[in-house]
Amino acid sequence: MARVELQNVTKDWGTAKAVDDISLSLEQGEFAAVLGPSGCGKSTTLFMLAGIYMPTRGDILFDGARVNDVEARDRNVGIVFQSYALYPNMTVLQNILFPLRFKKVPKAEAEKSAREIAELVEISSLLDRKPSQLSGGQQQRVALARALIKKPNLLLLDEPLSNLDATLRLSMRMEIRRIQRELGVTTILVTHDQIEAMTMADRIICMNAGRIEQEGTPEALYTRPETVFAASFIGSPPINLLPGELTADGLRIGETLLATRGETNARSVKLGIRPEHVVANGHGIPAEIISAEALGRETLYTARSALGDTRFLEATSAPKYKAGEQVRLSFDAAHSILFDAERDRRLEGVSAHA
Amino acid sequence: MSASSSYRQATNFAVFLGPALVFLLALLVAPIIVDLVVAFTDMAQTVTINEFTTKQFGKLVHASDDSWLGFELRGTFYRALSLTAVFVFLTLTIFNVTFGLILALTTTALPDRLGAFFRAVWLLPRMAPSVVYALLWIWVVDPTERGLLNQLLVHGFGMAPVNMALNHPMALIVISNGFIGASMGMLILTSSIRSIPQHLFHAARADGAGSLSVIRHVVLPALRWPLSYITVFQTLALLVSFEYIFLLMGSSRSTMTMAMLAYTKTLAPGIGSGQYAYGAAITLILIVIGMVSALLLYRLTNMKALLAKPRIEVH
């Protein structure tokens with residue numbers, strides 16, 4: 001199990017920058033998630049860690065030793081691909097044993113390890129099957145067993161759950177987390193699914209356009225996003241972002257003036273407020289419901305007001321309001337997040353409420 | 001089913017499959033039937049049939065009580081059969097499959113443009129008219145010191161000049177046919193290698209596999225079906241191939257394969273041509289050999305599984 005560091009790593013594809021000067025470090029045994037949209041450079045980062053791509057600039061260190069020039073096969077990295085990448089001509093057992101072929105492990109010992117790891121990922125009854133005879137979830141477990149059997153320094157998971165159905169995804173999230181804790185292997189999960197990242201990882205590294213937007217605990221990213229991108233990417237339904245102007249009197253959004261606390265230098269801002277923090281409790285800004293979506297446990301409303309279109313959640317399974325109904329919306333200053341509209345970064349020490 | 005829809009089915013069948021059926025009947029079935037009939041006649045230069053007879057087969061085999069089959073092969077026929085077997089086996093294994101595979105592996109390992117360039121070079125013989133290609137080979141293996149091969153041997157290695165056509169005729173026809181034949185295998189195998197998901201290569205690398213292990217455990221298993229196809233297809237093509245043999249060696253006895261024998265006895269200008277019934281008998285045997293080989297290879301390479309249904313992975 002290794003301590004992993006990336007120091008000012010850049011990866012260029014011709015003139016395009018896939019990864020742009022990123023630095024991060026992972027402690028031994030840590031579980032980190034690299035979260036970002038398609039094309040943000042997260043998989044490229046993962047492949048650089050695996051030794052499949054070479055960084056254009058910067059260094060990758062395992063336990064303090066530079067591994068830039070170390071080939072993939074010599075890095076002792078286990079990797080689980082989105083497509084699982086199982087060898088179709090081999091049985092499950094042969095797939096799991098494959099990495100040990102190159103480590104010159106005696107046959108009996110290798111088979112014992114394979115059976116142990118199969119037990120751990122609960123596929124002991126499938127060892128004689130071919131990958132095409134397995135379900136997605138079973139293939140995913142085989143891929144995990146193959147990645148873990150060589151006791152890797154680092155386990156890399158490239159969108160491992162995205163091909164699974166919702167129920168299976170839920171159980172596999174817990175399974176992977178359990179196995180990772182049991183083995184204590186340093187793990188990086190690459191995903192575009194914020195729920196996956198937030199539920200599985202100790203730390204989230206949010207990436208956008210080849211750069212790290214923010215890193216921190218799932219809770220920190222959700223409650224104190226540093227950038228507009230981090231705020232909008234994390235959270236479902238997404239955060240309300242209302243453009244306005246900070247003035248000496250308060251925050252002006254359209255014709256409405258909201259009270260502010262803290263520093264009030266005039267500038268363009270975006271007010272971020274999560275849907276669950278907007279309440280329709282009879283006072284505040286008048287608004288008209290334009291849609292109501294029953295999500296099962298709660299209802300998501302969109303209301304049109306002087307602030308613009310605002311989403312809010314109510315914890316009722318049946319919609320309380322209908323489209324066209326008038327409500328009043330308010331929110332608490334503690335839950336408001338103000339961003340500098342020019343730099344797209346959070347403003348410290350200032351909040352607004354309605 | 002209504003009358004109009006069954007009428008439409010019938011017309012659709014005629015419109016879509018009709019031309020192919022006519023083509024098959026006219027160019028495949030009819031010649032085989034004609035060949036079958038002519039083989040049992042005495043047709044010669046006058047292209048007339050005076051009698052129906054099995055005497056053409058008597059030129060190839062003769063009755064023998066010693067043989068458990070009840071007949072023995074005559075010298076010419078035995079020789080033609082052996083030469084055909086050696087020619088097909090060597091060209092197929094050395095060039096069409098092995099060399100085609102090596103070309104596909106090496107050109108896909110190169111950067112894209114360089115790989116495409118080398119593949120194009122290997123395709124050039126196939127694009128060139130066969131006479132030009134044969135002329136080039138005649139110059140390469142010219143027995144005097146003018147020949148390219150001998151220039152290399154004499155000036156490059158200080159060896160004595162060789163006469164390939166005289167001393168190594170089989171090597172010459174295998175190599176010259178093989179250099180053309182390898183490009184087909186190269187093309188099919190290249191596209192098959194390209195269709196292997198990149199993740200499998202990445203996974204194998206991360207699992208610790210080197211280049212040779214990647215070829216053995218990832219590439220070769222994925223090439224099983226195209227290799228089977230190439231083997232069956234090229235075996236049949238080589239069995240009836242005579243063009244380059246004739247252009248390079250003429251009617252030489254040393255390279256008189258079955259296809260060459262049939263050609264020489266019927267259409268080749270000069271020696272012994274015009275024996276149409278005899279040629280038809282040889283061709284008939286060649287057709288039977290082709291069918292038996294195709295069926296055997298079909299079984300051996302498990303082509304049924306390849307042709308039966310699309311091999312789509314179901315999750």
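Guide: Chain A exposes about 15,300 Å², and carbon and sulfur atoms supply 48% of this area, where accessible areas come from the Shrake-Rupley method with a 1.4 Å probe and, for residues, only the protein chains shown count as cover. This is a predicted model, in which local features need pLDDT of at least 70 and side-chain atom pairs count only at pLDDT 80 or more, while totals for chains, interfaces and linings use all residues. Residues are numbered from 1 along each chain as its sequence is written, chains are lettered from A and ligands numbered from 1 in the order in which they are written, and side-chain values use heavy atoms, with hydrogens and water left out.

Of the 354 residues in chain A, 53% are buried, a word that stands for under 20% relative accessible area, as against exposed for over 50% and partly exposed in between (1.4 Å probe, protein chains only). The secondary structure of chain A consists of 8 helices and 22 strands, both being DSSP runs numbered from the N terminus, with helices (H or I) of at least four residues and strands (E) of at least two. Along its principal axes, the C-alpha trace of chain A spans about 75 × 45 × 35 Å.

Contacts, meaning heavy atoms within 4.5 Å, can also be sorted by sequence separation: among those in chain A between residues at least 6 apart in sequence, 65% join residues at least 24 apart. As for charge, chain A has 42 positive and 45 negative charges, whose mean positions are 5 Å apart; Lys and Arg count as positive and Asp and Glu as negative, without His and the chain ends, and each charge is placed at NZ of Lys, CZ of Arg, CG of Asp or CD of Glu.

Chain A is also divided into domain 1 (4-231) and domain 2 (239-353), with bounds that come from an automatic or database domain assignment. The C-alpha centres of domain 1 of chain A and domain 2 of chain A lie 38 Å apart, and 9 residues of domain 1 of chain A are in contact with 10 residues of domain 2 of chain A. Between these two domains of chain A, the buried area is about 930 Å², with 50% given by carbon and sulfur atoms, and buried area here is the accessible area (1.4 Å probe) that two parts lose on being put together, summed over both. On the side of domain 1 of chain A, the residues that lose the most area to domain 2 of chain A are A:Y222, A:E226 and A:V228, which together account for 58% of what that side buries.
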